[in-house]
Amino acid sequence: CVSCALNDIVVVGAAYDHASPSRLPERFRLAPDVVACAASGATACASSLACLVVAASTAKTYGEAQTCAFLKLILTDAMTVFSARTRESFVSRRPGGLVAAFALAAVVACAAANAWPLAELTPTSPARVSFVISFAMVSFLAQDFVKTTTYRALARAGWSENVGVVT
């Protein structure tokens, strides 16, 4: 429930994003998007499992490891919205209202991980929260790199076209 609410904050922020229309009408080609999403998703899944393994091997309790996994998932889910907006790197398009929405979701998630009041998660230390934030950032950069590289490889193979955008 908390995960959905925090992710929804970021998705609502996408409504205020700076979108650019294509120069030409584009054909709807689902295959390149499915391939790129699968590659990006596999990267995200592998990094989440890696975070859980690291957290489980260093946490005092299983609950702390769960909290680390929760925080990593919340942060990378929110960051993924930045990457999904474009076929190029996430830095190729100014984010608009997404930054404020992401900041709000990240602050709430980090506060929850540090001092969760309910029994579902075990609060963890600020140092562990900082580690998970760093891990999530590196994971997001790897995910964006894989997505961008996949789209470029598909374009070279003739699976997708780049018609440009109106500037």
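**Helix packing around H2**

In this predicted model, the axes of helix H2 (residues 30-58) and helix H3 (residues 62-84) come within 8 Å and cross at roughly 155°. Axes are lines fitted to C-alpha atoms, for helices over the stretch in contact, and angles run from 0 to 180 degrees between N-to-C directions. H2 and H3 are therefore roughly antiparallel to each other, a term applied to angles over 145 degrees. Their crossing is right-handed; that is, the near helix is turned clockwise from the far one by less than a right angle. On the H2 side, the contact (heavy atoms within 4.5 Å) is made by Ala44, Ser47, Ser48, Cys51, Leu52, Ala55 and Ala56, and on the H3 side by Ala65, Cys68, Ala69, Lys72 and Leu73. By class, this contact of H2 with H3 comprises 9 nonpolar, 2 polar and 1 charged residues. Ala, Val, Leu, Ile, Met, Phe, Trp, Tyr, Cys and Pro count as nonpolar, Asp, Glu, Lys and Arg as charged, and the others, Gly among them, as polar.

Helix H2 also packs against helix H5 (residues 126-156), the two axes coming within 9 Å and crossing at roughly 160°. That angle makes H2 roughly antiparallel to H5. The crossing of H2 and H5 is right-handed. In the contact of H2 with H5 there are 15 nonpolar, 7 polar and 3 charged residues.

Thr43 lies in helix H2. When residues up to four places away in sequence are not counted, Thr43 touches Ala142, Gln143 and Val146. The C-alpha atoms of Thr43 and Gln143 are separated by 5.6 Å, although the two residues are 100 residues apart along the chain.

For the protein chain as a whole, there are 5 helices and 0 strands, and the order from the N terminus is α-α-α-α-α. Helices (H or I, at least four residues) and strands (E, at least two) are DSSP runs, numbered from the N terminus. Among contacts with a separation of 6 or more, 79% are between residues 24 or more positions apart. Of the 167 residues, 35% are buried, meaning under 20% relative accessible area with a 1.4 Å probe, protein chains only. The accessible surface, from the Shrake-Rupley method with a 1.4 Å probe, comes to about 9400 Å², of which 69% belongs to carbon and sulfur atoms.

Residues are numbered from 1 along each chain as its sequence is written, and side-chain values use heavy atoms, with hydrogens and water left out. Local features need pLDDT of at least 70 and side-chain atom pairs count only at pLDDT 80 or more, whereas totals for chains, interfaces and linings use all residues.

Terms used: Buried < 20%, exposed > 50% of the residue type's maximum accessible area, 1.4 Å probe, protein only. Parallel < 35°, antiparallel > 145°, perpendicular 65-115°, else oblique.
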